[in-house]
Amino acid sequence: MLLRPKVLVDACQSVPHMPVDVRDLDADFLVASSHKMCGPTGVGFLYGKSDILSTMPPFLGGGEMISDVFLDHSTYAEPPSRFEAGTPAIGEVIGLGAAIDYLQGIGMQKIHEYEMELANYLYENLSTVNNIRIYGPKPSKGVDRAALCSFNVKNIHPTDIATFLDQQHGVAIRSGHHCAQPLHRYLGINASARASLHFYNTKEDVDYFIHALNDTVNFFDSFK
Ligand SMILES: Cc1ncc(COP(=O)(O)O)c(C=O)c1O
């Protein structure tokens with residue numbers, strides 16, 4: 001018998017930025033992380049199809065996951081309790097609920113459309129920086145890009161760029177592998193810088209970042 005592999009969607013980077021419908025995706029499982037969606041750290045959620053979850057054994061023992069306890073065996077509660085052993089992270093979950101209400105109050109479609117506009121603006125303006133290489137496709141009709149750009153500037157280490165931007169201009173970007181070491185290896189680079197936006201950013205933030213980046217590039221170029 002051929003078993004259909006189960007699919008788990010890691011939606012940590014999409015749930016905070018666009019409408020996500022588990023039924024449309026027909027995902028067996030889907031996970032997301034609270035602190036990427038304006039919620040507290042230390043909590044997230046797993047969605048699973050109920051018919052799959054009900055066939056799965058618990059992975060952890062503790063209060064609430066048990067149904068009946070005998071000397072020689074136990075029976076387990078129905079999902080989701082079966083997978084929620086012990087005292088839950090009550091405060092964090094309430095915070096996550098408030099974050100979800102907040103995002104839904106703004107509207108996920110509205111957030112997505114606004115971020116697409118910011119993504120284009122970021123890409124266009126970043127392309128004007130001297131000796132820059134931006135990774136990934138240029139945004140165009142039918143090519144959606146998340147509102148972020150990974151990039152490198154010739155002969156300047158991305159960590160130097162990130163540090164200078166932070167210390168001199170108060171702009172926080174990330175540098176390193178971004179949890180994508182095989183991709184960096186494929187691209188033939190050791191690391192990259194990455195500027196990321198969310199719905200609370202504005203075009204003025206992008207303008208300030210580009211100004212700060214040009215100043216950073218000029219600073220390091222002055223030593224050549
Ligand atoms: C796509 C993706 N999955 C998982 C994680 C890890 O999430 P957490 O920090 O909540 O464990 C991250 C965080 O960087 C992520 O970007």
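Q: How many salt bridges are there between domain 1 and domain 2?
A: A salt bridge is a side-chain nitrogen of Lys or Arg within 4 Å of a carboxyl oxygen of Asp or Glu. Between domain 1 and domain 2 the count is 0. Please note that this is a predicted model, in which local features need pLDDT of at least 70 and side-chain atom pairs count only at pLDDT 80 or more, while totals for chains, interfaces and linings use all residues. Residues are numbered from 1 along each chain as its sequence is written, and side-chain values use heavy atoms, with hydrogens and water left out.

Q: What area is buried between domain 1 and domain 2?
A: Buried area is the accessible area (1.4 Å probe) that two parts lose on being put together, summed over both. For these domains the figure is about 890 Å², and carbon and sulfur atoms give 69% of that area. On the side of domain 1, H17, P19 and I106 supply 55% of the area buried against domain 2, more than any other three residues. In terms of contact (heavy atoms within 4.5 Å), 10 residues of domain 1 meet 9 residues of domain 2.

Q: Which residues have the most contacts inside the largest nonpolar core?
A: A nonpolar core is a set of buried Ala, Val, Leu, Ile, Met, Phe, Trp, Tyr and Cys residues joined through side-chain atoms within 4.5 Å. The largest one has 29 residues, and L126, I132, F151, L165, I173, F209 and L213 have the most contacts inside it. Helices (H or I, at least four residues) and strands (E, at least two) are DSSP runs, numbered from the N terminus. Among the elements that each supply at least two residues of this core are α4 (108–126), β7 (148–153) and α7 (203–221). The most is given by α7, with 7 residues. A second, separate core of 11 residues includes V15, M37, I111 and F199.

Conventions: Buried means under 20% relative accessible area, exposed over 50%, partly exposed in between (1.4 Å probe, protein chains only).
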